[in-house]
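Subject: Structure handover

Hello,

Here is the structure for your files. Please open it alongside this note.

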Amino acid sequence: MAADPHHASGPVVLAGEATEDWAGDARYHEYSAAADPVGSGAIPRVPIEQFAADLHHGPGSRILPLDLSSALGTPYPATSPALLAAFMVLDPGDTLTTYPDATSELYYCLEGGGSSTFVRTGPATAPTTGTVRWSTGDVVTLPAGCTTEHTSDPTGRAVLYRVTDAPLLAYLGASPGPAQFAPTRYDAATSLARLDEVARHPDAASRNRVSILLGNVAQPRTLTATHTLWAMLGILPVDRVQRPHRHQSVALDLIVSCRPGCYSLVGSRVDDDGAIIDPVRVDWQGGGAFVTPPGLWHSHHNESGAPAYLLPIQDAGLHTYLRSLDIRFAPSGG
Ligand SMILES: [Fe+2]
């Protein structure tokens with residue numbers, strides 16, 4: 001008997017299944033050989049990878065996924081196991097359409113201005129249609145189910161940095177369900193004003209970060225931008241060293257602006273003074289992006305003579321829900 005045509009791409013269920021013993025797919029691993037698949041190499045580690053700003057220079061409207069699927073071993077585009085980042089370039093007055101394949105979408109406008117008109121399918125827990133205007137420095141989040149036309153102003157090109165949790169859904173074999181939050185815009189001027197308040201605080205010099213975290217009224221427990229995505233707008237002041245920390249979330253770090261001389265050090269261990277042992281140096285580039293893998297210590301350094309701005313986006317909403325973020329700060333040494 002033929003397989004159910006509605007499940008032609010999945011496991012074949014044959015007639016007479018009641019006599020099938022269902023044991024054919026079972027595997028039995030000796031514990032020590034299978035307890036640490038990352039350590040053994042059965043599943044690859046998340047690489048430290050950089051993406052140059054050149055990728056979004058020049059004309060031609062395009063969506064350019066920052067795709068590390070070959071390194072991650074996924075059959076779908078992915079920048080980290082759970083997240084996919086992309087640069088979206090829009091020629092003046094042009095439109096690019098994105099489709100619903102995620103529970104959360106986050107956009108940062110690197111250049112220009114325009115609007116995003118969404119049509120949302122699914123239960124009416126959030127507006128079903130709308131238009132969000134954006135300009136340089138704005139952040140926009142969109143929930144599950146949005147088919148969205150992004151259009152730049154006719155007067156100039158626009159560049160967006162887009163991060164979604166599409167790889168997480170692809171891994172789960174899940175489709176976007178109800179919206180977990182409403183479309184939200186974080187105004188650039190408001191964000192910078194809040195950041196300035198933080199920077200001017202008397203305790204700013206002693207804090208590990210001079211940053212604001214983007215939250216949403218719908219996320220009162222994780223305190224994140226969406227239920228899966230975490231986003232931070234930070235300033236790295238002149239001559240500042242932000243001491244090492246680590247977390248189990250992956251960071252897709254966007255460098256909003258900087259002069260040459262800013263960099264991160266990344267490594268797996270710190271010494272008794274909190275310095276990273278045998279670090280990899282990642283030089284920052286304004287408009288560029290890089291991946292900070294989970295669990296690695298990282299510090300930020302500004303020897304450029306000018307303040308630098310960064311916008312790391314992480315799957316830390318998901319990790320916070322799972323209680324697995326495990327953020328730690330290195331000892332300050334003696
Ligand atoms: Fe970090």
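Below are the side-chain contacts that turned up. Please keep in mind that this is a predicted model.

Aromatic contacts first. A search of the whole structure gives one aromatic pair. The partners are Phe87 and Tyr161, with ring centres 5.7 Å apart. Their planes stand at 50 degrees, so the pair counts as tilted. Phe87 belongs to strand 3 and Tyr161 to strand 10, so the contact ties together parts 74 residues apart in sequence. Phe87 is buried at 0% relative accessible area, and Tyr161 is buried at 1%.

There is also a charge over a ring. The charged end of Arg281 sits 3.7 Å from the centre of the Tyr263 ring.

Now the salt bridges. The structure has 10.

- Glu105 and Arg162 meet at 3.1 Å, N to O. Glu105 is in strand 5 and Arg162 in strand 10, so parts 57 residues apart are tied together. Glu105 is buried at 1%; Arg162 is buried at 10%.
- Asp153 pairs with Arg133, with the closest N and O atoms 3.4 Å apart. Asp153 lies in the loop between strand 9 and strand 10, and Arg133 in strand 7. Asp153 is partly exposed at 21%, as is Arg133 at 48%.
- Arg246 pairs with Asp326 at 3.2 Å between the closest N and O atoms. Arg246 is in strand 14 and Asp326 in the loop between helix 6 and strand 21, so the bridge ties together parts 80 residues apart. Arg246 is buried at 10%, whereas Asp326 is partly exposed at 35%.

Best wishes

Terms used. Residues are numbered from 1 along each chain as its sequence is written. This is a predicted model: local features need pLDDT of at least 70, side-chain atom pairs count only at pLDDT 80 or more; totals for chains, interfaces and linings use all residues. Side-chain values use heavy atoms; hydrogens and water are left out. Rings of Phe, Tyr and Trp (its six-membered ring) pair if their centres lie within 6.5 Å; planes under 30 degrees apart count as stacked, over 60 as edge-to-face and the rest as tilted. Helices (H or I, at least four residues) and strands (E, at least two) are DSSP runs, numbered from the N terminus. Buried means under 20% relative accessible area, exposed over 50%, partly exposed in between (1.4 Å probe, protein chains only). A charge sits over a ring if NZ of Lys or CZ of Arg is within 6 Å of the ring centre and within 35 degrees of the ring normal. A salt bridge is a side-chain nitrogen of Lys or Arg within 4 Å of a carboxyl oxygen of Asp or Glu.
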